[in-house]
Amino acid sequence: MTTENRTNLVPDLSTLSVADSVLRPLDKELLEPQFYPDPVVFRASLEKLNKDDIELKKNLTSNKATLRVLAPYLKTIYTDQKRIIETARIKRATKTKDVKLLYDRKSTDVMRASPDVLEKFETIIAIHETADVLKTLIKANNVVSYMVNSDKGELYQNPRHIVSSTSKLTSKIEQGTTMAAYSAFTKDYVMSDSVFADGRFPLGLGYETSITKYAMCVPVKTPDDKLVAIYELTRGAYESAFTKRDLQIVLAVTAWMGVSITQNELYNSLMREQDLTDHLLHITDIYHCEYADVDKTLSDIAMLAREVVGAERCNLYVVDKESKGALIVEEYDQGSSNQELFKKRTKKTIESDGSVLSKVLFNKQIVNTHHPNLEVGPEGELVVRSLLCVPIICDKTAIGAIQMTNKRNEIKFDKKDEEMLEKFSTFCAINVNHSKSHNRVYKSELQNKMNLEMAMYHLKPCVHEREATNTSRNSVTTSPDQFFTFGWSPTQEDLPRVAELTMCLFQEVFGNKFMHSHNVQNFILTVQKCYRPNPYHNFLHAFYATHTMANIIIRNQNFFSEIERRALMVAALCQDVDHPGSSNIFIHMKKHHLSELYSSSPLENHHFAVARLIIDQSNLFKNLKTDVYEVLLQEIYNNIIATDITLYFQFIQELRQSVDNKSFSFQEPSDRRLVKNFLMLACSLSDQTMPLPMGKKIADRIHEEMFRLGDIESLGGNELLPCMDRDDIDMIPEERIQFLSVVVLPCVQVVSNIFSAFVAVEENVKLLLEQWKELVLTKDQDMWKPQESYKS
């Protein structure tokens, strides 16, 4: 049958120009067929098939030969079949200028408002206000409050309560000086009826006054016995002495004050951690959204940490690699403005020599030390009074360190500083690890692009290949005899020109103008190159499937929409492209990267991925609108996935439900999808329907491919599936009979009940079954043993 002597009921939509597509809506014609058959007759046939299927199911569960031949498919690890087609790489949008301004402003505000300073300021205010309350309650003549610095062992007189120009703002906490220093030293209250004559504190109150005689000092302590402040209350010589009742009032108030300060510190600590966590998450979110690079993000985190812990200087170290037992690290140091960290060009080598960085990076321990004369740096320009260095841990490995130098206004860093810096190191670890992962992914993407460019260059059909195809097509004015019949099979002379014959099939289905306006030649030649030289899953197998599909579509043009025709033809040709010669069960057993990439039907998903790559590279459907093209891709995907033979049993179950519900309709999308699934599977199995002797050659190729997998397993010392064992070749006829009976024949019967011309294929299957059964009965082993040419 040729295009010239066949009436095309569906117009060749590919011949329309771009201008035509603007003038008339093509979507409906592209996506919908012109004819829906009456499903009543088909339902009756399905009911009969359903009864036959019940018998097959009994055979399936009881016949060991059947289980043997289906083992590679029944054991496939199987989950969800839903796959989403990626149409384009999603590009992340960078943050707007408004977000940048908000980010910078928020960073500045948080870094300026050091929570430690705020916390101490609140405490000082509370001490002030409570001092005034105590003065009123016990009717003291004067009150002085002192703040305590336990680390330095000093008292700081509150400026608000400086009573004399001769009083000292700062004094040591020790005995033998002032009354306040004595109370701070003992951490206990002290009372005196003659403060300037009391031998316990020779310096009296520490300032000169002619009227003060009675004095009382009471410490403010937290529940954990931490000294916070000292209250000094006095009365003049002409007033009465402080009583026991006065002392009780002051002790009660100071006890309450100590508890309040503790609760306030805890509250401020929680709020501080919450604010810092929110801000660090904000920084991390900005970075992960590709707004800032890793150096800027690490700098922001480290500088914020410097302000929070109150350090003069900050350094950051990130491990680059290990070399001969030493660590090569990248060092970030403060710039001249002290507002940002900059990565040094020269990397630093850290030996396991007991130094601060050595302890942190090799032993993963926190180093917190202080020494008044400690010097670091190659030139000794920085005098280090105190130093805190915390490891940056990721997956139990030190990947860096964050170091703070010289605690402002303090002798050393405390436990709170350690805890706070550990939190910052966690965020540093997140960003460093993300940066390394991002760089690896980015480099892999670049490498993949290079590999893809190289692969597509070498896969692109050469000029001489295209010329040879054109010459061959021009020299053959007519197709081979009986070419457009289901039983046709290429002869030995036809094999070199299988690609040209494939183009004849596309031309017959779509017409001449489609072939000229689309890059069909490049597409087919590239697909041919992408098939591996497997014994069975090769380009010849794809040709058989495409030949069968073309014969069905030619005879039933009105049944399919234009998109369905294109998707079915492309899927038939690409159903096993780049097939590795193995099976899905083998892919899963070996934990091949395809099984990691796709949770189900890994081979079929890979075939579609390769097919789409070739479609895009060859611009096969460049004239389709985007939305229609997406529908086409989804159709191709569904068609190729349907060739996973493990899904056959699922299709049968869905078919049975449709028959039971008497709801089958060719207009129902799910039922229509089911028909195309059976059609794809039938075309994929069509080469296995050829009667002997061609059927014998196809069987040889199938089993040789399985035997090669068995050879690989034998070399690894693994147990073989029976169908992969060369020593069990005597089981081949029985396996063929079972596979044809359980899978091939029922599938072909479903299709022949829809498309009457396919009955010829059904008859071929029945004939082939009888031929194999006759071989089993006659024990003609010489006939069914695999050909020597396929033995490894």
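Contact here means heavy atoms within 4.5 Å. Helices (H or I, at least four residues) and strands (E, at least two) are DSSP runs, numbered from the N terminus.

This is a predicted model, in which local features need pLDDT of at least 70 and side-chain atom pairs count only at pLDDT 80 or more, while totals for chains, interfaces and linings use all residues. Residues are numbered from 1 along each chain as its sequence is written, and side-chain values use heavy atoms, with hydrogens and water left out.

To return to the pair, H22 spans residues 648–661, and its axis comes within 11 Å of that of H23, crossing at roughly 140 degrees. Axes are lines fitted to C-alpha atoms, for helices over the stretch in contact, and angles run from 0 to 180 degrees between N-to-C directions. H22 and H23 are therefore oblique to each other; angles under 35 degrees count as roughly parallel, over 145 as roughly antiparallel, 65 to 115 as roughly perpendicular and the rest as oblique. The crossing is left-handed, a term for a near helix turned anticlockwise from the far one by less than a right angle, with clockwise giving right-handed.

H23, residues 669–684, also packs with H21, residues 626–641, at an angle of about 55 degrees and with the axes 8 Å apart. That angle makes H21 oblique to H23. Glu-635, Asn-638 and Asn-639 of H21 make the contact with Arg-673, Lys-676, Asn-677 and Met-680 of H23. The crossing of H21 and H23 is right-handed.

Next, the loops beside these helices. In the loop between H20 and H21 lies Asn-619, a residue other than glycine with a positive phi, near 55 degrees. Asn-619 is partly exposed, at a relative accessible area of 39%; buried means under 20% relative accessible area, exposed over 50%, and partly exposed in between (1.4 Å probe, protein chains only). Asp-395, in the loop between strands S12 and S13, likewise has a positive phi near 55 degrees, but Asp-395 is exposed, at 70%.

I turn now to helix H13. Its 13 residues, 498–510, reach 18 Å from first C-alpha to last, close to the 18 Å expected at 1.5 Å a residue, where the expected span is 1.5 Å times one less than the number of residues. Eleven of the 13 residues are buried, so H13 is largely enclosed by the rest of the structure. Among the buried residues are Leu-501, Met-503 and Phe-506. Just after H13, Gly-511 takes a positive phi of about 95 degrees.

How many disulfides does the structure hold? There are zero, a disulfide being a pair of cysteine sulfur atoms within 2.5 Å. The sulfur of Cys-428 has its closest cysteine sulfur in Cys-314, at 8.3 Å, too far for a bond. For Cys-747 the closest is in Cys-683, at 8.9 Å, again too far. Cys-428 is buried at 0% relative accessibility, and Cys-747 is buried at 0%.

Finally, the overall picture. The protein has 27 helices and 13 strands, and buried residues make up 51% of its 792 residues. Among contacts between residues at least 6 apart in sequence, 69% join residues at least 24 apart.
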